[in-house]
Amino acid sequence: MPRRNPLTRWLALPARRRWLILEAAALLLIARVAVRLLPFKTLTWFMERPSTRPALDGPARAALKKDVRWANYTASHRLSENIVCFPRALAAQSMLRRRGVATTLFYGAARTAEKGLYAHVWLQDGDEGVVGQRSAVGFAVLGRYPASQ
C-alpha cells in the first residue's frame, strides 16, 4: 500500500490535532531560541510560573498529556533533529500549564565513560513522565521546576 503524501496526512488530521502541532512547533522554536539566548535565571522564572487555569483531572488530564506528548514529538521531528530535550520539555510544560496541568521539569546530569558529564531535561506529571522521561534513567537530579511540586 503506497504511503500518503504529507499534505494528505495533514488534512486527514482533526483540526484540534493540527492546531496542537502548530502550537507545539511555535513553542519549540521559541524555546530553542530562549535556551540559547536567555540566562538560566530567566528560564527558571518561566519554569516556576504556576498555572492560572483550574486544575484538570481524571481522563481529560490523561488524554491531554497524551495529545501534547504526541504533538511535541511530531513537531520536533518535523522541524529538526537539533531540537533537544530542554526546548521539548519547556514547550510541553507551557502547553500543559495553559490547559490546567501543572508539571515538573527536571534538570539532571550523568557521567559515562563514552560521553563524560552530560545533562538531560525531562518533564513529569507526578510520577508519570510526559517528555524525555525514557532517557532520564541514571541521571542525578540537579534541579526541579517548580521546586515546590
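Biologist: How do you know that the side chains of Asp67 and Arg16 meet in a salt bridge?

Modeller: The term asks for a side-chain nitrogen of Lys or Arg within 4 Å of a carboxyl oxygen of Asp or Glu. Here the N to O distance is 2.7 Å, so the pair passes. Bear in mind that this is a predicted model, where local features need pLDDT of at least 70 and side-chain atom pairs count only at pLDDT 80 or more, while totals for chains, interfaces and linings use all residues. Residues are numbered from 1 along each chain as its sequence is written, and side-chain values use heavy atoms, with hydrogens and water left out.

Biologist: What makes this pair a tie between parts apart in sequence?

Modeller: Asp67 sits in helix 4 (residues 58-79) and Arg16 in helix 2 (residues 15-37), so parts 51 residues apart in sequence are tied together. Helices here are DSSP runs of H or I with at least four residues, strands are E runs of at least two, and both are numbered from the N terminus.

Biologist: Why does Asp67 count as buried, and Arg16 as partly exposed?

Modeller: Buried means under 20% relative accessible area, exposed means over 50%, and partly exposed is in between (1.4 Å probe, protein chains only). Asp67 has 11%, so buried it is; Arg16 has 47%, so it's partly exposed.

Biologist: Which residues are linked in a network of salt bridges?

Modeller: Asp57, Arg61, Lys65, Arg69, Asp125 and Glu128. Asp57 and Arg61 meet at 3.8 Å, N to O, and Glu128 and Lys65 at 2.7 Å. Glu128 belongs to strand 3 (residues 128-131) and Lys65 to helix 4, so that pair joins parts 63 residues apart in sequence. The whole structure has nine salt bridges.

Biologist: Buried or exposed: what are Asp57 and Arg61?

Modeller: Asp57 has 55% relative accessibility, so it's exposed. Arg61 is buried, at 13%. As for the other pair, Glu128 is partly exposed at 38%, and Lys65 is buried at 4%.

Biologist: How do you know that the span of helix 5 agrees with what it should be?

Modeller: The expected span is 1.5 Å times one less than the number of residues. For the 13 residues of helix 5 (residues 85-97) that gives 18 Å, and the end C-alpha atoms are 18 Å apart, so the two agree.

Biologist: And why call helix 5 mostly covered?

Modeller: Twelve of its 13 residues are buried, among them Phe86, Leu90 and Met95.

Biologist: What makes helix 3 roughly parallel to helix 5?

Modeller: Their axes come within 11 Å and cross at roughly 30°. Angles under 35 degrees count as roughly parallel, over 145 as roughly antiparallel, 65 to 115 as roughly perpendicular and the rest as oblique, so helix 3 is roughly parallel to helix 5. Axes are lines fitted to C-alpha atoms, for helices over the stretch in contact, with angles from 0 to 180 degrees between N-to-C directions. Contact means heavy atoms within 4.5 Å; Phe40, Leu43, Phe46 and Met47 in helix 3 meet residues of helix 5 including Phe86 and Leu90.

Biologist: How do you know that strand 1 and strand 2 pair?

Modeller: Pairing takes at least two DSSP bridges between two strands. Strand 1 (residues 104-112) and strand 2 (residues 116-125) have nine, in the antiparallel sense, with Ala109 partnered by Ala119. Three residues between these strands complete a hairpin. Strand 1 also runs antiparallel to strand 4 (residues 140-145), over five bridges, and Gly108 stands opposite Val141 there.
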